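Here is a short report on one protein chain. Look over the sequence and the model first, then read on.

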Amino acid sequence: MFVLLAIFLLNIVAAQMLLPSKELASQGSNILFYFGNQVGGKWVGYLMIVAVLSSTVGTTQTTLLPASRISLSMARDRVFPKVFARVSGSRLTPLIGTVILASLSLLGILATTGDASINTAFSNLINDIGVLIAFYYGVTGLACAWAYRKVAFQRVGFFFSGVLLHSSGDCSFFGSATR
């Protein structure tokens, strides 16, 4: 994840520094591939494609897997249909729920690519949700930093692992013993 982040950040900053604004605007979402071709040739352009594909796979996994587990929990509490509560015997995962959610996601992707008005609506929705998620993570990060303010600077290792790296995650990760 950090390697991908470094590749993206390095390339987008370099692209903005080295390419004229008109070329940046004309490339749109293909900017990393175009920049890779301009700077290092075809193989660097293809490296950018691999980076984007790896990021896409990672994003898909981090979105789909928690959603299937949440739907499993909700189905066990009888909030969702029972089919989401079925667990695969060999894999011990909510296989059917995962397939259903993946299928619904695929239908959403196909709908947004096939119709411009649906695409615009989804784009606006995603932007709005993105702002809400950013706000949520910001508030969660501040809450974690505040919760561990008394012990944050007692050990350098805890400051980095407990405050900086986990401030956007779950505050209960460290338990109540560190408060």
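Helices (H or I, at least four residues) and strands (E, at least two) are DSSP runs, numbered from the N terminus. Just after helix H3, Gly41 takes a positive phi of about 95°.

This is a predicted model: local features need pLDDT of at least 70, side-chain atom pairs count only at pLDDT 80 or more, and totals for chains, interfaces and linings use all residues. Residues are numbered from 1 along each chain as its sequence is written, and side-chain values use heavy atoms, with hydrogens and water left out.

**The chain**

The chain has seven helices and zero strands. Read from the N terminus, its elements run α-α-α-α-α-α-α. Of the 179 residues, 20% are buried. Buried means under 20% relative accessible area, exposed over 50%, and partly exposed in between (1.4 Å probe, protein chains only). A contact means heavy atoms within 4.5 Å. Take the contacts between residues at least 6 apart in sequence: 35% of them join residues at least 24 apart.

Which residues of H3 are buried? They are Ile31, Leu32, Tyr34, Phe35 and Gly36. These buried residues pack against H1, helix H2 (21–27) and H4. A nonpolar core is a set of buried Ala, Val, Leu, Ile, Met, Phe, Trp, Tyr and Cys residues joined through side-chain atoms within 4.5 Å. The largest one has six residues: Ala14, Ala15, Leu19, Ile31, Tyr34 and Phe35. Helix H1 (2–18) and H3 each supply at least two residues of this core. H3 gives the most, with three residues. Leaving aside neighbours within four places in sequence, Ile31 touches Ile12, Leu19 and Leu24.

**An aromatic pair**

Rings of Phe, Tyr and Trp (its six-membered ring) pair if their centres lie within 6.5 Å; planes under 30 degrees apart count as stacked, over 60 as edge-to-face and the rest as tilted. The structure holds two aromatic pairs. In one of them, the rings of Phe33 and Tyr46 have centres 6.0 Å apart and planes at 55°, so this pair is tilted. Phe33 lies in helix H3 (residues 31–40) and Tyr46 in helix H4, so the pair ties together parts that are 13 residues apart in sequence.

| Residue | Relative accessible area | Class |
|---|---|---|
| Thr98 | 17% | buried |
| Phe33 | 28% | partly exposed |
| Tyr46 | 46% | partly exposed |
| Arg78 | 73% | exposed |

Thr98 sits in helix H5 (residues 95–114). Beyond residues up to four places away in sequence, Thr98 touches Leu64 and Ser68. Arg78 is in the loop between helix H4 (42–76) and H5. Most residues other than glycine have a negative phi. Arg78 is not a glycine, yet its phi is positive, near 65°.

**The largest pocket**

On a 1 Å grid over the protein atoms alone, a pocket is an open set of points where a 1.4 Å probe fits, with protein on both sides within 12 Å along at least five of seven lines; lining residues have an atom within 4 Å of a point. Grid points are joined across faces, edges and corners, and a volume is the space filled by probe spheres set on the points. The largest pocket holds about 380 Å³ of space. Its lining includes Thr59, Leu64, Leu101 and Ile109. H4 and H5 each supply at least two lining residues. The largest share, six residues, comes from H5.
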